[in-house]
Amino acid sequence: HDKWEIDPSELTLLEELGSGQFGVVRRGKWRAKIEVAIKMMKEGTMSEDDFIDEAKVMTKLQHQNLVQLYGVCTKHRPIFIVTEYLKHGSLLMYLRKHETTLTGNYGMLLDTCIQVCKGMSYLERHNYIHRDLAARNCLVGVENVVKVADFGLARYVLDDEYTSSGGAKFPIKWAPPEVLHYTRFSSKSDVWAYGVLMWEVFTCGKMPYGRLKNAEVVERVQRGIVLERPPRCPEKIYAVMQMCWAHNADDRPSFRGLKEELKLLELD
Ligand SMILES: Cn1cc(-c2ccnc(-n3ncc4cc(C(C)(C)C)cc(F)c4c3=O)c2CO)cc(Nc2ccncn2)c1=O
């Protein structure tokens with residue numbers, strides 16, 4: 001009996017939460033009382049067999065700042081991916097919705113960044129690369145808990161518009177030079193994306209590089225031009241973002257190092 005295989009008869013499907021990259025996601029209950037989110041994978045959007053193999057590994061990644069994968073229903077189509085549920089939805093929407101109360105609340109904004117860093121530091125320790133870290137792929141739960149979602153799933157997307165760096169859906173604005181040129185993903189490319197996520201947090205959800213076209217962003221990143229300091233963002237916090245945007249991946253800090261840097265800022 002595969003522990004990560006969930007019996008669909010133990011699931012109750014409730015309201016729709018949105019339709020992500022892979023199709024509809026609904027809130028639900030598992031064994032009557034556990035609140036879950038259920039991704040119902042649209043046919044042809046994901047390389048399912050590869051994902052099902054990986055699912056057993058993903059269920060073992062457990063950390064308070066990672067959205068927990070409870071299991072999968074693979075005995076029927078569409079397959080279901082069952083995860084923990086966070087009631088406030090995506091961090092990006094949360095930042096935009098609460099901009100007035102969050103602006104200038106550096107303690108809150110810094111705490112948000114530290115929580116994401118802790119989740120990413122755990123993935124780094126387990127040699128697990130997210131490949132699409134951004135505020136839109138983090139979730140907010142009760143008591144301002146923030147968790148990293150959908151880590152590693154990018155590997156199973158079948159849509160070339162998303163997977164190829166020339167595609168319209170490729171997350172260019174969160175990609176470092178080595179990903180733009182060679183699609184070379186690593187924990188250090190996740191660190192670059194984390195710097196952009198910090199910028200998203202300290203601008204309360206602005207779009208990085210505004211309305212610049214992808215080609216213009218690629219050109220700037222190649223020339224070493226990085227995002228400007230968000231208005232009223234403390235210099236010391238912007239300095240950490242700039243460390244994440246070192247052109248050479250080896251010159252960027254690890255998430256472990258970032259965690260120490262950010263904790264020092266918390267003392268200021
Ligand atoms: C666990 N979870 C997931 C979601 C939720 C809903 C719809 N789409 C998604 N998304 N969003 C993004 C997404 C991205 C990917 C990449 C491979 C990284 C490109 C792969 C996905 F599979 C998803 C997905 O499923 C999510 C994120 O997985 C919403 C929750 N919560 C709420 C609460 C209130 N309102 C709305 N959502 C929640 O708790």
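Reader: Hi! What counts as a helix or a strand here?
Author: Helices (H or I, at least four residues) and strands (E, at least two) are DSSP runs, numbered from the N terminus. This is a predicted model, where local features need pLDDT of at least 70 and side-chain atom pairs pLDDT 80 or more, while totals for chains, interfaces and linings use all residues. Residues are numbered from 1 along each chain as its sequence is written, and side-chain values use heavy atoms, leaving out hydrogens and water.

Reader: Thanks! How many cavities does the structure hold?
Author: There are 2 cavities of 30 Å³ or more. A cavity is a set of points on a 1 Å grid over the protein atoms alone where a 1.4 Å probe fits but cannot get out, and its volume is the space filled by probe spheres set on the points.

Reader: What's around the largest one?
Author: The largest cavity has about 90 Å³ of space. Its lining (residues with an atom within 4 Å of a point) is made of 13 residues, and Arg 131, Trp 174, Ala 175, Phe 185 and Ala 193 lie nearest the centre. Helix H7 (residues 187–202) supplies the largest share of that lining, 3 residues.

Reader: Switching topic: how many disulfides turn up?
Author: A search of the whole structure finds 0 disulfides (pairs of cysteine sulfur atoms within 2.5 Å). Cys 113 is in none, and the nearest cysteine sulfur, that of Cys 233, is 8.9 Å away.

Reader: Is Cys 113 buried or exposed?
Author: Buried, because its relative accessible area is 0%, and buried means under 20% with a 1.4 Å probe on protein chains only. Cys 73 also counts as buried, at 1% relative accessibility.

Reader: Last one: where does His 63 sit?
Author: His 63 is in the loop between helix H1 (48–58) and strand S4 (69–73). With a relative accessible area of 16%, His 63 is buried too.

Reader: Nice. What does the His 63 side chain reach?
Author: It reaches the backbone nitrogen of Asn 65 at 2.8 Å. Setting aside neighbours within four places in sequence, His 63 is in contact (heavy atoms within 4.5 Å) with Gln 68, Lys 118, Gly 119 and Tyr 122.

How values were computed
Buried means under 20% relative accessible area, exposed over 50%, partly exposed in between (1.4 Å probe, protein chains only). A polar contact is a pair of N or O atoms within 3.5 Å; within protein, one must be able to donate a hydrogen and the other to accept it, and residues adjacent in sequence count only if both atoms are side-chain atoms. On a 1 Å grid over the protein atoms alone, a cavity is a set of points where a 1.4 Å probe fits but cannot get out, and a pocket is an open set with protein on both sides within 12 Å along at least five of seven lines; lining residues have an atom within 4 Å of a point.
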